[in-house]
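Here are my notes on the model you sent over.

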Amino acid sequence: MEKSIIIAGYGGQGVLFAGKLLSYAAIIENMNTTWIPSYGAEMRGGSANCSVKIANDEIGSPIINKPDILIALNIPSFNRFEKDVKKDGLIIVCASENEVTKSRDDINYFFITLKNLTKNIQLSFINIVALSAMVRKTKLLKIESLILALNKLIPKNKLHMLTSNIEAIKLSAKFVFDNKNSKVFV
Amino acid sequence: MEDEEKILLKGNIAIAKAAINAGCECYFGYPITPQSEIGEYLSKAMIEEGRIFIPCESELAAINMVIGAGSTGTKAMTSSSSCGIALMQEAISAMYCQQVPGVIVSVMRGGPGLGNIAPSQGDYNQACYGGGNGDYKVIVLSPSTIQESIDLTYLSFHLAFKYRCPVILLADGILGQMMEPCSINKNPYNDYDYNIEKWALNGAKNREPRNLVSLHMDLGELEKLNYDLNKKFLEIEKNEIRYEIFLTDDANIIITAFGTVARVAKTAVKQAREMGIKVGLFRPITLSPFPSNKLGNLICSNVKIVLDVEMNLGQMLKDVRSSVFGKCAVKFMGKPGGGIINSDEILEKIIDINNNIES
């Protein structure tokens, strides 16, 4: 098994952190992983993305030509990467279905917004929510691994947000479970 | 090593951590993307360890400080990227001539000129064949995973002190910026005795004064030194060659690639094998000295074509050609200026070549 995931959004949305979290969760499950950021001129407010690979075996190329999974934290990222996703792949879109134009019928879409969950989740958790939704939807990893990884990776100055982030992971996973409306991704 | 906990580290940080483990006492550097995390990490860690960290006014200053520290037998390192390494060339030639050990980490970005900050392999020639003057050679090591970046950082310090010469650890922007699970294992050369008392400038108390210079004006002195240093490099060539081969035994096509491109090529090789194409991979780890004989010996009657793949316009190609020595055709594919090659492109090329062989 080898899966390639692109996480994309605005700089400041926690795109790179979500990728790290995913990679770390893979390590917890004794899998191989690579993480590459789009680096350099990217900045807060600009576009940011990272490429994560997760595999049981040694990972050759860390570069993703066509991702199995796209996590689009905003609509511009969705528009930019939608065409690249592999046939039968999955896109987690952080928007409601009527906000975007779907241009393909050979991939799966899953729409999630913070409004879907609860009013208590802060806007800054969209990365965690989307990541959790992807993990739950694909069963690529266990939700528990994601929570363990978060415990390990959360910076000291953000410790007070740990509980609410874990809550976001759980709520998002529950939302996916309750909304099996789109095709199940294999 | 298996017992040690795997952690997720960025390539640059891994190199910095390994340098500390290798006993690097001094770091001198000037920031440049895509390797700035090395200096950033060491600016804190070296001070905490009670070691020396100096943010320099230029790359030129940094490499000359490495010479200063190295000449006292102290493990010292600098790191930079393409155009920064360009500024260090004169001093690297001097290090070779003065026989001063030191480690230079070069994380390549797009060139020429100031170029861009995208990953590249455009400095193969700069590292292996240098811009310094005279008949000098440098040991150049090329990792392709983060774990190997750690292991080769240890090896860089080891070889620099074992042979008293500059060693370049040549990575590219992807290896610098990528994160991968790895473990910071123990430096395997911790107990090695480098005999620095025999040559280091550590104060002339109770011994004759000595110096380490690169100016040799006496008649025939420099000629003899050149022969001696060359002999040393032949010794390095005999003892220190490292390379990786993958599925080359029955191969009709052999791909040659180093660094990140080698692992991208490995994916393409695996995919091509699934399609029944007999293709293998040869990855030099020591780019200088180049494993010429090892590659040459792989070229038997099976092998129809060698395909050299690089993120440049074919800098390793001439080493590959001279190793193959006309025994089969050598083709090239590459992208300059920060262009990244993906495995689909390599696979396509392999299929194309294979169709031509069969027809």
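1. Start with Arg263(B) and Glu180(B): their side chains pair up in a salt bridge, with 2.9 Å from N to O. Bear in mind that this is a predicted model. Between domain 1 and domain 2 of chain B, the salt bridge count comes to two.

2. As for where the boundaries fall, the domain assignment of chain B puts domain 1 at 7-239 and domain 2 at 244-358. The C-alpha centres of these two domains of chain B are 29 Å apart.

3. How much area do domain 1 of chain B and domain 2 of chain B bury between them? The figure is about 2,200 Å², with 52% of it on carbon and sulfur atoms. Three residues stand out on the domain 1 side: Gln121(B), Tyr124(B) and Ser142(B) provide 32% of the area that domain 1 of chain B buries against domain 2, more than any other three residues. In residue terms, 33 from domain 1 of chain B are in contact with 23 from domain 2 of chain B.

4. Now the chain A and chain B interface. Chain A brings 20 residues to the contact and chain B brings 28. The two chains bury about 1,900 Å² between them, 64% of it on carbon and sulfur atoms.

5. Two salt bridges turn up across the interface of chain A and chain B. In one salt bridge, the side chain of Lys266(B) meets that of Glu58(A) at 3.1 Å, N to O. Eight residue pairs are in polar contact across the interface of chain A and chain B, again with both at pLDDT 80 or more.

6. Which elements of chain A each supply at least two residues of the side that touches chain B? They are helix H1 (15-28) and strand E2 (32-37) of chain A. E2(A) gives the largest share of that side, five residues. The side of chain A that touches chain B has 10 nonpolar, seven polar and three charged residues.

Methods: Residues are numbered from 1 along each chain as its sequence is written. Chains are lettered from A and ligands numbered from 1 in the order in which they are written. This is a predicted model: local features need pLDDT of at least 70, side-chain atom pairs count only at pLDDT 80 or more; totals for chains, interfaces and linings use all residues. Side-chain values use heavy atoms; hydrogens and water are left out. Domain bounds come from an automatic or database domain assignment. Contact means heavy atoms within 4.5 Å. Buried area is the accessible area (1.4 Å probe) that two parts lose on being put together, summed over both. A salt bridge is a side-chain nitrogen of Lys or Arg within 4 Å of a carboxyl oxygen of Asp or Glu. A polar contact is a pair of N or O atoms within 3.5 Å; within protein, one must be able to donate a hydrogen and the other to accept it, and residues adjacent in sequence count only if both atoms are side-chain atoms. Helices (H or I, at least four residues) and strands (E, at least two) are DSSP runs, numbered from the N terminus. Ala, Val, Leu, Ile, Met, Phe, Trp, Tyr, Cys and Pro count as nonpolar, Asp, Glu, Lys and Arg as charged, and the others, Gly among them, as polar.
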